[in-house]
Amino acid sequence: MEEKKIKAFLKKAKRRIWANLFLHSFLLYLGAGLLLGTFINVVSLLFPVYHAVYYAMMAAFVVTMVGIIVMVIKAPNNEKVALIVDKTGLQEQLVTSLELEGKEDTISMLQKQRTCKSIANYSLKEHFPIRCSFGNVMIAALAAMAFVIGAIMPSPAKKQAVANHNLKELAKKEAKKIEEVKEELKKNDRVTKSDAEEYEKLLKEALNELKKTENKSDLNKAKERLETKLEKKLSQTSDESAKEVEKMLEQKKLIEKTAEEKEQEKLKEQVQQELA
């Protein structure tokens, strides 16, 4: 009976000690995580880092979770809880009673009864109130403010990061189109092997150029150069082979207009000139 009372008391004490430890660790590591996130946000103000806020949030989350895991690993067991509570005035009664667990001799029973009387008048709320450290709260609050300011503050580097990302996405789309055309050239029997190899060479060169583009102007110039080379090659290719390649390029929008469309435009211009 006495052992059950002692264990129940220790369980309540452990909950309070763990709660305080959790609050302390959570706020401490949250503040540290937010400071790390703030550092990432500050870096993004000076250097182009796309999705910097996302990385900052992930850093804060990871550091906080690591703190919670460390807290759980280092959380005191029943023996340590007994030692902590004994230091508040129970004079090692709880530790002694735990060591006497299972023993039913007279001395052991008297010790457990004495411990039960002591804990009956012991206030866990008074000795272990659940509260947050003001210093930890302030650190976390200030870190959160700095994090938000760094996240929402505009800068040329942030605009550049967005522009770089958009450029990479555009380059990826163009590269994907080129790769698709290369695959279709290999599968299409109507395109001669020699023509297919020459087109593949042109497309490969274009891919290398796309990888080196640093801004939208460079990207557009690379696309224009590719279109010019392709049109020149089309004019040198046999009719049947040229038409097949032209369809592929037109479908993927690697050339703006087919030869037929350009011819029609020339005819229209000639007609207009004659009428004028």
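A search of the whole structure finds one salt bridge, the term being used for a side-chain nitrogen of Lys or Arg within 4 Å of a carboxyl oxygen of Asp or Glu. The model is predicted, so that local features need pLDDT of at least 70 and side-chain atom pairs count only at pLDDT 80 or more, while totals for chains, interfaces and linings use all residues. Residues are numbered from 1 along each chain as its sequence is written, and side-chain values use heavy atoms, with hydrogens and water left out.

The salt bridge joins the side chains of glutamate 169 and lysine 172, at 3.8 Å from N to O. Because glutamate 169 and lysine 172 are three residues apart in helix H8 (residues 156–187), about one helical turn separates them. Side chains of opposite charge can pair when their charged atoms come close.

The protein has 12 helices and zero strands, where helices (H or I, at least four residues) and strands (E, at least two) are DSSP runs numbered from the N terminus. Of its 276 residues, 34% count as buried; buried means under 20% relative accessible area, exposed over 50%, and partly exposed in between, with a 1.4 Å probe and protein chains only. The table gives this value for selected residues.

| Residue | Relative accessible area | Class |
|---|---|---|
| Cysteine 116 | 12% | buried |
| Cysteine 132 | 41% | partly exposed |
| Tyrosine 55 | 44% | partly exposed |
| Glutamate 169 | 32% | partly exposed |
| Lysine 172 | 54% | exposed |

The structure holds zero disulfides, a disulfide being a pair of cysteine sulfur atoms within 2.5 Å.

On the surface, Tyr54, Tyr55, Met58, Phe61, Val62, Met65, Val66, Ile69 and Ile73 form a nonpolar patch with about 890 Å² of accessible area together. Patches are made of residues with over 30% relative accessible area and no salt bridge, like charges being joined within 9 Å and nonpolar side chains (Val, Leu, Ile, Met, Phe, Trp, Tyr) within 5 Å, and accessible areas come from the Shrake-Rupley method with a 1.4 Å probe, only the protein chains shown counting as cover for residues. Tyrosine 55 lies in helix H2 (residues 52–74).
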